[in-house]
Amino acid sequence: MGNNTFLTSPPMGWNSWNTFYDQVTEDLIISTADAMVDSGLYKAGYEYIIIDDCWSARERDSEGHLQPDPVKFPHGMKAVSDYVHSKGLKLGIYSCCGVHTCAGYPGSFEHEFEDARQFAEWGIDYLKYDNCFHPATISSEGLYRRMNMALRSCGRDIVFAVCQWGRDDVHSWIRSTGAHTFRSTVDIQDAWKSIESIALSQLEKQSYIGAGCYNDMDILIVGMHGKGLNPETSIGGCTDTEYQTHFALWAMMSSPLIIGCDIRNMSDETKDMLMNPELIAINQDPECRGCYKLPTYGSPDAFVLLKQLTGNEWAVGFFNFGDSTAHVELHFWDMGLPLGNGAGLHFHDCLTHEDLGVKTESYSEKVAAHGCRVYRVSLENA
Ligand code: GLA
């Protein structure tokens, strides 16, 4: 048992909900764990395999314990966690602070301490904890504190991933609950409009970002391309350009990177996007600062995001939410470099992996509709 400082950067993993909905089974988890390692995702930093809602039996057992659905998980949850751990991965599970989960399975309300002990016995490493069906007289804030206490005393390090959908100004109080991550938006959908509205809604909240408690902008839709069993998520799909912008935004905005597509069947484009080491490094940067909009010169639907990284480095993103190609321009003055200083900024392109050399005073680039450019920038003294 550690000291609960074990989660020092946004968690990275995979979650069953976007693609597999209520069809979560032992076979799916085992084959996904295999794919996580064989595809290279584990090596790239993804480690949590998270079982979302619909894993349990409809009722607790005669002693009041949660039990997995015997058809979906015929060998029980410990066997699944042993397998996942044998691959070097970690296992996540789902519950809810109400009497039922959002899909109507037993919730943890008034069972918090016994459920936390049960999860620890099964070898669970991550708990996604939802917000449905709790008594109107008890706030979820109080119930999250309760589950936090249960988890922190259960004898095992378990990431506490609260799912509050951005309600009740969650960003303003969530750190008091001990949660490691907090869902800050409605459920994502496999559509450009959803990416756009989630990103814009969380840009205003970037000042609440900090190590130890991360703003979870929901499961990634990268690579779904309209496929999947979840009728609420799978509503059309996006282009690879849009998925790239989505991944770059989640990376720069320090969201957990939780994959939602079927990683057993990924295209090369999807793999390259999800395993881009330079975007992952920006996401996992130890200082964990939020990113902020800079004044942008050029097309009105485009904007520049700046994120201070550890040491003498910055991540700079050019994003175009418009429907036609944009011209985006960054003036180094706005990053803190005085005019005529003589120093230049060294630009490295994190999407093409090209070294762009040293630029002075300003940098501009064309950005495709719904597209982005991301650079790692450092100061080179004159
Ligand atoms: C809520 C959450 C989703 C998912 C479902 C499961 O809608 O926001 O991410 O966990 O519940 O029922």
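Biologist: Where is G142 found?
Modeller: G142 is in helix 6, residues 140-152. Helices (H or I, at least four residues) and strands (E, at least two) are DSSP runs, numbered from the N terminus. This is a predicted model, where local features need pLDDT of at least 70, side-chain atom pairs count only at pLDDT 80 or more, and totals for chains, interfaces and linings use all residues. Residues are numbered from 1 along each chain as its sequence is written, and side-chain values use heavy atoms, with hydrogens and water left out.

Biologist: New topic. What surrounds the ligand?
Modeller: W17, D52, D53, Y94, C102, A103, K128, D130, C163, W165, R183 and D187. Each has a heavy atom within 4 Å of the ligand.

Biologist: What does D187 do there?
Modeller: A polar atom of the D187 side chain lies 2.5 Å from a ligand oxygen. D52 has a side-chain N or O atom 2.7 Å from an oxygen of the ligand. For D130 the polar side-chain atom is 2.9 Å from a ligand oxygen. The cut-off for a polar contact is a pair of N or O atoms within 3.5 Å; within protein, one must be able to donate a hydrogen and the other to accept it, and residues adjacent in sequence count only if both atoms are side-chain atoms.

Biologist: How much of the ligand does the protein bury?
Modeller: 92% of the 310 Å² that the ligand exposes when taken alone. Accessible areas come from Shrake-Rupley with a 1.4 Å probe; for residues, only the protein chains shown count as cover.

Biologist: Back to D52. What lies 2.9 Å from its backbone nitrogen?
Modeller: A polar atom of the S16 side chain. S16 sits in the loop between strand 1 (12-15) and helix 1 (17-20). S16 is buried, because its relative accessibility is 0%.

Biologist: OK, rings. How many aromatic pairs are there?
Modeller: The whole structure has 17. Rings of Phe, Tyr and Trp (its six-membered ring) pair if their centres lie within 6.5 Å; planes under 30 degrees apart are stacked, over 60 edge-to-face, the rest tilted.

Biologist: Why is the F119 and W122 pair tilted?
Modeller: Its planes are at 50°, so it counts as tilted; the centres are 6.2 Å apart. F119 and W122 are 3 residues apart in helix 5 (residues 112-122), so about one helical turn separates them. F119 is buried at 0%, and W122 is buried at 10%.

Biologist: Which rings link into a cluster?
Modeller: F318, F332, F347, Y363 and Y375, through ring pairs.

Biologist: What sits over the ring of F303?
Modeller: The charged end of K293, 4.8 Å from the ring centre. R58 lies over the face of Y105, at 3.9 Å. The test is NZ of Lys or CZ of Arg within 6 Å of the ring centre and within 35 degrees of the ring normal.

Biologist: Which residue stands opposite F303?
Modeller: F319 in strand 12. Strand 11 (residues 302-308) and strand 12 (residues 313-320) run antiparallel, joined by 7 bridges. Strands pair if DSSP finds at least two bridges between them. Strand 11 also runs antiparallel to strand 9 (residues 292-294), with 3 bridges.

How values were computed: Buried means under 20% relative accessible area, exposed over 50%, partly exposed in between (1.4 Å probe, protein chains only).
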